[in-house]
Amino acid sequence: MNSMHRYRRYPIYRTVFMSLCLLISIVLTACDSSPSMGGAPAPAANGGKGCTKVGILLPETTSSVRWETNDHPALVQAVKAAIPNVEIDYKNGQDNEITQISQAEADLANGDCILIVAPHDSVTAAAIVTKAKAQNVPVIAYDRLIQSKDLDYYVSFNNLRVGQLQGEYIAQHYQEYAKDGSINLAIISGSQTDNNALLFSQGAHEALDPLLANGTLKNIAETFTPDWTTTNAQAEMEAMLAEQQNNIQIAYVANDGMASGVITALKTVGLNGKVLVTGQDATLAGIRAILAGQQNMTVYKPTTSEAQSTGALVKALYSGAETTNLTHNQVTTTYDGAEIPSILDAPISIDRGNIASTVLADHYLEKKDICAGFPAGTAGIC
């Protein structure tokens with residue numbers, strides 16, 4: 001689905017983009033974008049054809065446990081299945097965009113000829129694409145879009161739909177949380193340096209704006225959360241509760257990690273389980289919070305499917321095969337108007353009613369872990 005025509009509808013995106021453009025110009029100036037590393041000639045790749053050295057760069061571990069628990073092993077397995085005797089360079093940027101650029105430089109200097117990058121920062125990661133292109137190394141942006149016209153492929157989920165699912169859940173259930181006719185909504189979105197966070201917010205607004213416009217819901221506060229951290233989200237929720245004298249009925253929260261911080265803030269004032277809380281990523285902690293009645297929903301993005309789609313692209317690049325049968329001519333548009341061939345899988349909304357048929361059925365999570373400490377019969381699955 002083309003995402004960038006929607007960007008123009010929200011002025012905050014333009015402000016965010018302009019500030020990030022300044023940051024990327026600084027990064028590109030500080031990082032030599034020439035095709036040589038350390039004065040030595042850079043090894044020349046062949047657009048990925050015949051490549052047997054693949055770099056996988058994930059962004060961090062703080063926003064969600066999924067990166068190391070799910071994505072890391074799934075990607076390694078998918079790439080090994082795609083290329084016989086492949087050598088994989090795996091690195092995690094540990095929440096630092098400059099570190100991630102340095103890791104990519106090391107991979108390129110080491111002769112990696114395909115890069116799979118889940119960027120910590122969607123804009124500054126363009127420096128990685130610039131360096132890779134200079135060596136004819138294709139880059140696949142994984143899960144998060146890299147804002148570069150030279151990006152080769154993008155594999156993710158329909159991230160606008162993720163936000164829509166979260167917003168739709170609120171639209172369907174807000175009446176259960178009305179208090180004296182008041183339905184106050186707090187919106188805690190993810191990091192504004194992550195293109196996905198902007199799309200999640202946009203999708204949620206598409207579902208919620210009609211209710212906000214007619215006064216059914218009142219948006220009492222809205223913020224983006226630096227680095228997606230639990231502690232930042234908790235602090236944001238504490239400030240909102242104090243300002244509103246605890247009069248908040250709904251908390252739109254962009255993912256499960258931040259939701260745990262929001263729930264901690266709600267517990268402090270005795271509102272845990274009394275405020276509708278959303279999430280995303282279907283983490284073990286998020287699913288257990290749903291069973292405990294502290295969180296209402298999450299969004300499941302089957303990372304195995306995402307990794308397999310990435311593996312299929314890697315195999316096609318290695319073989320020199322066409323990729324249109326994988327992307328089906330689907331594109332995602334970057335801020336500068338480039339149309340990036342894309343594979344976008346479908347996310348799934350989860351609440352207490354469909355845990356068994358989704359994350360359990362897919363063995364994404366295990367029953368013994370989900371149900372540990374819960375009474376037999378909880379949600380019909382324990």
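User: Where is Cys-371, and why is it called buried?

Analyst: Cys-371 sits in helix α14. Its relative accessible area is 10%. Buried means under 20%, exposed means over 50%, and partly exposed is in between, using a 1.4 Å probe and protein chains only. Cys-371 is therefore buried. One caution before going on: this is a predicted model, where local features need pLDDT of at least 70, side-chain atom pairs count only at pLDDT 80 or more, and totals for chains, interfaces and linings use all residues. Residues are numbered from 1 along each chain as its sequence is written, and side-chain values use heavy atoms, with hydrogens and water left out.

User: What does Cys-371 touch beyond its sequence neighbours?

Analyst: Arg-288, Ile-381 and Cys-382, with residues up to four places away not counted. Contact means heavy atoms within 4.5 Å. Cys-371 and Leu-291 are 80 residues apart in sequence, yet their C-alpha atoms are 8.5 Å apart. Phe-374, in the segment after α14, touches Arg-288, Leu-291, Ala-292 and Cys-382, again leaving out residues up to four places away. From Phe-374 to Ala-292 is 82 residues along the chain and 8.2 Å from C-alpha to C-alpha.

User: How are the helices and strands picked out, and how many are there?

Analyst: They are DSSP runs, numbered from the N terminus: a helix is H or I with at least four residues, a strand is E with at least two. The protein chain has 14 helices and 13 strands. Buried residues make up 57% of its 382 residues.

User: What makes His-363 exposed and Asn-136 partly exposed?

Analyst: His-363 has 58% relative accessibility, which is over 50%, so it counts as exposed. Asn-136 has a relative accessible area of 41%.

User: What is phi at Asn-136 and at His-363?

Analyst: Phi of Asn-136 is near 60°, a positive value in a residue other than glycine. Phi of His-363 is also positive and near 60°, in a residue that is not glycine either. Gly-293, which follows α10, has a positive phi near 80°.

User: How do you know that α3 and α11 are roughly parallel?

Analyst: Two packed helices are described by the angle between their axes and the distance between the axes. Here the axes of α3 (66–82) and α11 (303–319) come within 8 Å and cross at roughly 30°. Axes are lines fitted to C-alpha atoms, for helices over the stretch in contact, and angles run from 0 to 180 degrees between N-to-C directions. Under 35 degrees counts as roughly parallel, over 145 as roughly antiparallel, 65 to 115 as roughly perpendicular, and the rest as oblique. α3 and α11 are therefore roughly parallel.

User: What describes the α6 and α7 packing, and which hand is the crossing?

Analyst: α6 (159–173) and α7 (195–213) pack at about 35°, with axes 7 Å apart. The crossing is right-handed. A crossing is right-handed if the near helix is turned clockwise from the far one by less than a right angle, and left-handed if anticlockwise. Residues that meet include Leu-160 and Ile-170 in α6 and Leu-199 and Phe-200 in α7. By class, this contact has 10 nonpolar, eight polar and two charged residues. Ala, Val, Leu, Ile, Met, Phe, Trp, Tyr, Cys and Pro count as nonpolar, Asp, Glu, Lys and Arg as charged, and the others, Gly among them, as polar.

User: How do you know what length to expect for α9?

Analyst: The expected span is 1.5 Å times one less than the number of residues. α9 (256–268) has 13 residues, and 18 Å is expected. Its first and last C-alpha atoms are 19 Å apart, close to that value. Its buried residues include Met-258, Val-262 and Leu-266. Among the elements covering them are α8, β8 and α10.

User: Why is Ile-114 called buried?

Analyst: Ile-114, in strand β3, has 0% relative accessibility and therefore counts as buried. Leaving aside neighbours within four places, its contacts include Gly-48, Val-137 and Val-314. Val-314 is 200 residues away in sequence but 7.6 Å away in space, C-alpha to C-alpha.
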